Amino acid sequence: MDREEIIFFIKKAKEKKSKSLDLSNRDLAELPVEIGELTSLEHLDLSYNSITEIPPSIGRLVNLKTLLLLRNSISELPSEIGALRSLELLDASHNCFDTLPKEIGLLSQLRSLDLSYGRLVSLPVEMIDLL
């Protein structure tokens, strides 16, 4: 799926004020910044792609409850992920990052976090607040 097709999906979802968007298994190499326009979104599935970077605009998805990033090639999560205060489930397993932004400790509603099968070697001390 090319960039124009992704942006088309995003625009349609924005028009419909969609609460869920499934872009899994679409052979995506990038996630456009326009993803941040989907402020009504509660569930976003980006799993099983080739995404290497999550744009900072992801932080505008303040109603997001579920974020599935598993099986990509993400090398870093943006600090803006800390703005996703409604997030309950984050699956970022099978990726390439070796650190997490300290802002992940701000995700007070987080109930499920899967970071398995990656390169993560330590957790930020700010995550203690999630226990």
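Predicted model: local features only at pLDDT ≥ 70, side-chain atom pairs only at ≥ 80, totals over all residues.
Student: What makes up the secondary structure of the chain, and in what order do the elements run?
Tutor: The chain has 1 helix and 5 strands. Reading from the N terminus, the order is α-β-β-β-β-β.

Student: How do you know how compact the chain is?
Tutor: Its radius of gyration is 14 Å, close to the 14 Å that the globule rule gives for 131 residues, so the chain is as compact as a globular protein of that length. Along the principal axes, the C-alpha atoms fill a box of roughly 40 × 25 × 20 Å.

Student: How many of the residues are buried, and what does the surface consist of?
Tutor: Buried residues make up 44% of the 131 in the chain. The accessible surface is about 7000 Å², and 49% of that belongs to carbon and sulfur atoms.

Student: Which charges does the chain carry on its side chains?
Tutor: There are 15 positive and 21 negative side chains. The centres of these two sets lie 7 Å apart.

Student: What makes a group of residues a nonpolar core here?
Tutor: The members must be buried residues of the nonpolar kinds, joined through side-chain atoms within 4.5 Å. The largest such core in this chain has 33 residues, and Leu44, Leu61, Leu67, Leu69 and Leu84 touch the most other members. Helix α1, residues 3–15, gives the largest share of this core, 3 residues. In soluble globular proteins, nonpolar side chains tend to be buried together.

Student: Which residues does leucine 44 contact, leaving aside its neighbours within four places in sequence?
Tutor: Leucine 44 is in contact with Leu21, Ile35, Ile58, Leu61, Leu64, Thr66, Leu67 and Leu68.

Student: Why is proline 32 called buried?
Tutor: Buried means under 20% relative accessible area. Proline 32 has 1% relative accessibility, so it counts as buried. Proline 32 is in the loop between β1 and β2. Beyond four places in sequence, proline 32 touches Arg3, Ile6, Ile7, Ile10 and Pro55.

Student: Why is glutamate 4 called exposed?
Tutor: The cut-off for exposed is over 50%. Glutamate 4 has a relative accessible area of 56%, so the word applies. Glutamate 4 lies in helix α1. The C-alpha atoms of glutamate 4 and proline 32 are separated by 9.6 Å, while the two residues are 28 apart along the chain.

Student: What makes the phi of aspartate 27 worth a look, and is aspartate 27 buried or exposed?
Tutor: Phi of aspartate 27 is near 60°, a positive value in a residue other than glycine. Aspartate 27 sits in the loop between β1 (20–22) and β2 (43–45).

Student: Why is tyrosine 48 called partly exposed?
Tutor: Partly exposed is the range between the buried cut-off of 20% and the exposed cut-off of 50%. Tyrosine 48 has a relative accessible area of 41%, so it is partly exposed. Tyrosine 48 lies in the loop between β2 and β3 (66–68). It also has a positive phi of about 55° although it is not a glycine.

Student: How do you know that leucine 70 is buried?
Tutor: Leucine 70 has a relative accessible area of 14%, which is under 20%, so leucine 70 is buried. Its place is the loop between β3 and β4 (89–91). Leaving aside neighbours within four places in sequence, leucine 70 is in contact with Ser47, Tyr48, Asp91, Ala92, Ser93 and Asn95. Leucine 70 and serine 24 are 46 residues apart in sequence and 9.5 Å apart in space, C-alpha to C-alpha.

Student: Why is methionine 127 called buried?
Tutor: Its relative accessible area is 11%, under the 20% cut-off, so methionine 127 is buried. Methionine 127 is found in the segment after β5 (112–114). Not counting residues up to four places away in sequence, methionine 127 touches Leu100, Ile104, Gly105 and Leu113. The C-alpha atoms of methionine 127 and glutamate 103, 24 residues apart along the chain, are separated by 8.6 Å.

How values were computed: Residues numbered from 1 in each chain as written. Heavy atoms only, no water. Buried < 20%, exposed > 50% of the residue type's maximum accessible area, 1.4 Å probe, protein only. Helix = DSSP H or I, 4+ residues; strand = E, 2+ residues; numbered from the N terminus. Contact = heavy atoms within 4.5 Å. Rg over C-alpha atoms; globule rule 2.2 N^0.38 Å. Areas by Shrake-Rupley, 256 points an atom, 1.4 Å probe, with all protein chains shown as cover. Lys, Arg positive; Asp, Glu negative; His and termini not counted. Charge placed at Lys NZ, Arg CZ, Asp CG, Glu CD.
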